[in-house]
Amino acid sequence: MENSATENSAAEHDASTNDASENDAAEHDASKNENDAGENEQPAPDRSRIRRRVLIAAVAGCAVLGGMLALLPWGPAGTRAAAPPAPGAQALTAVTTGVPAALPDLAVLIDEREAHLRTHPKDAHSWAVLGAAYVERGRRTAEPVNYPKAEKALRTSLKVRARNAEALDGMAALANARRDFRAALTWGEAALQVNRKRWTTYPQLIDAYTGLGEYKAAKRTLDRLLKLRSGPAVQARAAAVYRDRGRREDAAAALSDAAGAAEAPAERAAYLERAGQLAWERGDLDVALRHFQEAVRLDPDQRAALAGQGRTLAALGRTTEALNAYRVALAKQPCPQYALELGELYESLGLGQAARVQYDLLRERAARAAAAGVDEELVLGLFEADHGDVPSAVRRLRTEWRRQPGIAVADALGWALHQAGEDKEALKFARIATDKARGGGVRSAPYVYHRAMIERDLELAGPARRHLQEALRINPHFSPTRVPLATAALEELGEPSVKDVPEMDAQVDAKPRKG
């Protein structure tokens with residue numbers, strides 16, 4: 001634009017100069033004729049001619065001045081304000097740097113890349129970008145139909161260029177989105193063999209290690225990532241690791257920094273949603289609701305934040321608003337987990353038929369996801385353990401544990417075994433999910449509640465009482481159906497008896513005294 005302004009100003013200046021020269025020449029000829037006619041006569045000055053010359057000079061000067069002004073910097077701090085990037089460019093930046101992208105921008109990027117690839121089918125980079133965009137859209141919408149499209153694009157990219165870290169990264173992200181953590185680990189390691197300094201690979205490896213229960217490896221991978229890169233995306237990834245290790249204050253601080261530094265609204269909204277989830281897990285309802293609401297304001301397509309609003313509003317007793325928030329979230333992002341939460345909310349309100357509708361939706365969505373290669377065995381196992389076929393839940397979760405033994409699977413399997421009456425084996429898995437020594441560093445009220453109920457049925461009154469109190473201390477609102485059961489169980493256990501108190505004084509008195 002600056003060059004165009006300069007060229008226009010120069011053209012105007014040339015035109016003005018030419019006009020002035022032609023007028024001067026005409027006036028010179030007229031003057032010469034007058035002198036020839038009058039010889040020694042001295043004519044009076046022509047005022048109209050002078051005014052005309054002044055006007056022409058002023059026009060030329062304005063044109064030059066306009067061109068100079070167009071070249072001068074302007075805006076804050078003396079710099080010209082940059083125009084915002086086009087939607088496709090914004091989404092391209094997001095998907096190639098591993099940050100959340102806005103859904104409308106993703107749609108533009110996908111259309112652009114598909115049109116480009118129709119005429120340039122050997123462009124490995126564009127195939128990788130297209131695959132990454134489909135992964136992100138599938139993750140944001142919970143529509144599994146995006147994942148086969150993503151896989152096709154990414155594998156085409158690898159056919160065009162085999163040693164292709166960009167496409168290998170995309171395959172790792174796809175595997176994580178499908179909850180296939182072993183495959184994600186394999187693809188991520190392959191990407192690092194091509195380029196060990198490609199920082200976007202490390203978050204995929206962190207997710208894979210976490211899903212496999214390899215928390216020390218996840219921490220080592222985060223340390224390597226922090227040496228390579230800083231910024232909001234890395235801070236958000238660090239927050240997830242801190243949360244899994246029980247460092248909730250560090251996680252909250254990292255997410256706050258990430259949200260404050262994020263530039264794109266969709267990215268900032270994603271970090272605020274995670275901050276809201278963290279506040280919810282510790283029972284801080286007002287902070288959680290504030291984060292969720294701001295996330296939705298920034299990005300109306302942030303359906304995870306809408307589901308978070310539903311969860312929080314239900315805990316605050318604002319039931320009608322909670323139901324509306326869940327319904328909107330499910331309309332745009334039909335995630336099986338949201339259907340389970342909404343069904344249990346209906347159940348807590350005594351609306352059994354409405355709950356069954358949501359449970360049917362959960363099964364339907366899980367089946368569609370499985371057809372697209374997504375592993376929904378964890379949510380299905382939890383659902384069947386509480387609301388359906390308990391033996392099926394045990395079978396599903398045993399298989400899942402063999403495939404990817406993460407903390408979430410340990411908790412779910414322990415609970416399913418408890419529901420099946422296998423409490424001794426159930427307690428082994430509940431301990432894995434809650435003991436730091438076994439990897440369960442995350443402070444989760446549902447996990448601790450599950451362990452407490454297993455201990456109660458094993459007549460371990462002291463540990464059961466302690467863990468019920470801990471669950472309600474971590475988050476007094478963790479579930480609309482489980483919190484009343486936890487409170488009732490705690491009342492049933494009553495106060496600790498004298499037998500439960502260790503005789504510390506007797507042990508001290510038994511020691512020989514000096515002197």
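## Aromatic pairs and loop residues

Trp401 is partly exposed, because its relative accessibility is 21%, and buried would require under 20%. This residue is a starting point for a description of a predicted model.

In the whole structure, a search finds four aromatic pairs. One of them joins Trp401 to Phe429: the ring centres are 5.3 Å apart and the planes stand at 90°, so the pair is edge-to-face. Trp401 belongs to helix α20 (residues 390-403) and Phe429 to helix α22 (residues 423-434), so the contact ties together parts that are 28 residues apart in sequence. Phe429 has a relative accessible area of 11% and is therefore buried.

A further pair is made by Tyr449 and Phe478. Their ring centres lie 5.6 Å apart with the planes at 50°, so this pair is tilted. Tyr449 sits in helix α23 (residues 445-457), while Phe478 is in the loop between α24 (461-474) and α25 (482-493), so parts 29 residues apart in sequence are tied together. Tyr449 is buried, at 2% relative accessibility. Phe478 is also buried, with a relative accessible area of 10%. Together with Trp415, the residues Tyr449 and Phe478 form one aromatic cluster.

Two loop residues have a positive phi. In Arg179, which is not a glycine, phi is near 60°. Arg179 is located in the loop between α7 (165-177) and α8 (181-194). Glu459 is likewise not a glycine, and its positive phi is about 60°. The loop that holds Glu459 runs between α23 and α24. How exposed are these residues? Arg179 is partly exposed at 23%, whereas Glu459 is exposed at 72%, since exposed means over 50%.

The table collects the accessibility values.

| Residue | Relative accessible area | Class |
|---|---|---|
| Trp401 | 21% | partly exposed |
| Phe429 | 11% | buried |
| Tyr449 | 2% | buried |
| Phe478 | 10% | buried |
| Arg179 | 23% | partly exposed |
| Glu459 | 72% | exposed |

One annotated segment remains. Across residues 269-302 the chain is 79% helix and 0% strand.

How values were computed:
Residues are numbered from 1 along each chain as its sequence is written. This is a predicted model: local features need pLDDT of at least 70, side-chain atom pairs count only at pLDDT 80 or more; totals for chains, interfaces and linings use all residues. Side-chain values use heavy atoms; hydrogens and water are left out. Helices (H or I, at least four residues) and strands (E, at least two) are DSSP runs, numbered from the N terminus. Rings of Phe, Tyr and Trp (its six-membered ring) pair if their centres lie within 6.5 Å; planes under 30 degrees apart count as stacked, over 60 as edge-to-face and the rest as tilted. Buried means under 20% relative accessible area, exposed over 50%, partly exposed in between (1.4 Å probe, protein chains only).
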